[in-house]
Amino acid sequence: MIKNKIEQNIESTSLTQRVFVERENLCPLCNHQLAIRVKAYLENFTIAEEAYCENCELVTRTKDHKIN
Ligand SMILES: [Zn+2]
């Protein structure tokens, strides 16, 4: 049981780091830095991630991460 808890912590740490790296992306149209919106759906262990440009309101991608 304790081992399972540790593995869950490692999983969520790597997900956080990946989201941080993707913050560095730039808009393909205007080179403005993209903002990342993350919505968590804890009831089905999914995180929905959306990258968008605040300058031209372009949404470049949406992604779903399964946590478990
Ligand atoms: Zn843009």
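The secondary structure of the protein comprises 1 helix and 3 strands, where helices (H or I, at least four residues) and strands (E, at least two) are DSSP runs numbered from the N terminus. Read from the N terminus, the elements follow the order α-β-β-β. The structure is a predicted model, in which local features need pLDDT of at least 70 and side-chain atom pairs count only at pLDDT 80 or more, while totals for chains, interfaces and linings use all residues. Residues are numbered from 1 along each chain as its sequence is written.

Confidence is given as pLDDT, the predictor's confidence in each residue on a scale from 0 to 100. The mean pLDDT of the protein is 74, and 62% of its residues reach 70 or more. Helix 1 (residues 2-22) has the lowest confidence, with a mean of 60, whereas strand 2 has the highest, at 86.

Burial was assigned from C-beta atoms placed from the backbone: a residue is buried if 20 or more other C-beta atoms lie within 10 Å of its own, exposed if 12 or fewer, and partly exposed in between. By this criterion, 3% of the 68 residues of the protein count as buried. Contacts were assigned to pairs of residues whose C-beta atoms, placed from the backbone, lie within 7 Å. Of the contacts in the protein with a separation of 6 or more, 25% are between residues 24 or more positions apart.

The 3 strands form an open sheet in the order 1-2-3, with antiparallel pairing; two strands are taken to pair if DSSP finds at least two bridges between them. Strand 1 and strand 3 stand at the edges of the sheet and have a single partner strand each, so one side of each is left without a neighbour in the sheet. From one strand to the next, the twist averages 15 degrees, based on axes that are lines fitted to C-alpha atoms (for helices over the stretch in contact) and on angles that run from 0 to 180 degrees between N-to-C directions.

Strand 1 (35-41) and strand 2 are antiparallel and are joined by 7 bridges. In this pairing, Lys39 stands opposite Ala48 in strand 2. The two strands form a hairpin with 4 residues between them. Phe45 is located in the loop between strand 1 and strand 2. Although Phe45 is not a glycine, its phi is positive, at about 60 degrees. Phe45 is also exposed, because 11 other C-beta atoms lie within 10 Å.

Tyr41 belongs to strand 1. This residue is classed as exposed because it has 11 other C-beta atoms within 10 Å. Apart from neighbours within four places in sequence, Tyr41 is in contact with Thr46 and Ala48. The C-alpha atoms of Tyr41 and Lys66 are separated by 9.8 Å, the two residues being 25 residues apart along the chain.

Strand 2 (residues 46-52) is also joined to strand 3 by 7 bridges, and these two strands run antiparallel. Strand 2 and strand 3 form a hairpin with 6 residues between them. The loop between these strands contains Glu57. Glu57 is not a glycine, yet has a positive phi of about 60 degrees. Glu57 counts as exposed because it has 7 C-beta neighbours inside 10 Å. Strand 3 (residues 59-66) is hardly covered, the count of buried residues among its 8 residues being 0.

Tyr52 lies in strand 2. With 17 other C-beta atoms within 10 Å, Tyr52 is therefore partly exposed. When neighbours within four places in sequence are left aside, Tyr52 is in contact with Leu34, Ala35, Arg37, Glu57, Leu58, Val59 and Thr60. Tyr52 and Ile36 are 16 residues apart in sequence, and their C-alpha atoms are 6.5 Å apart in space.

Terms used. Two residues are in contact if their C-beta atoms, placed from the backbone, lie within 7 Å.
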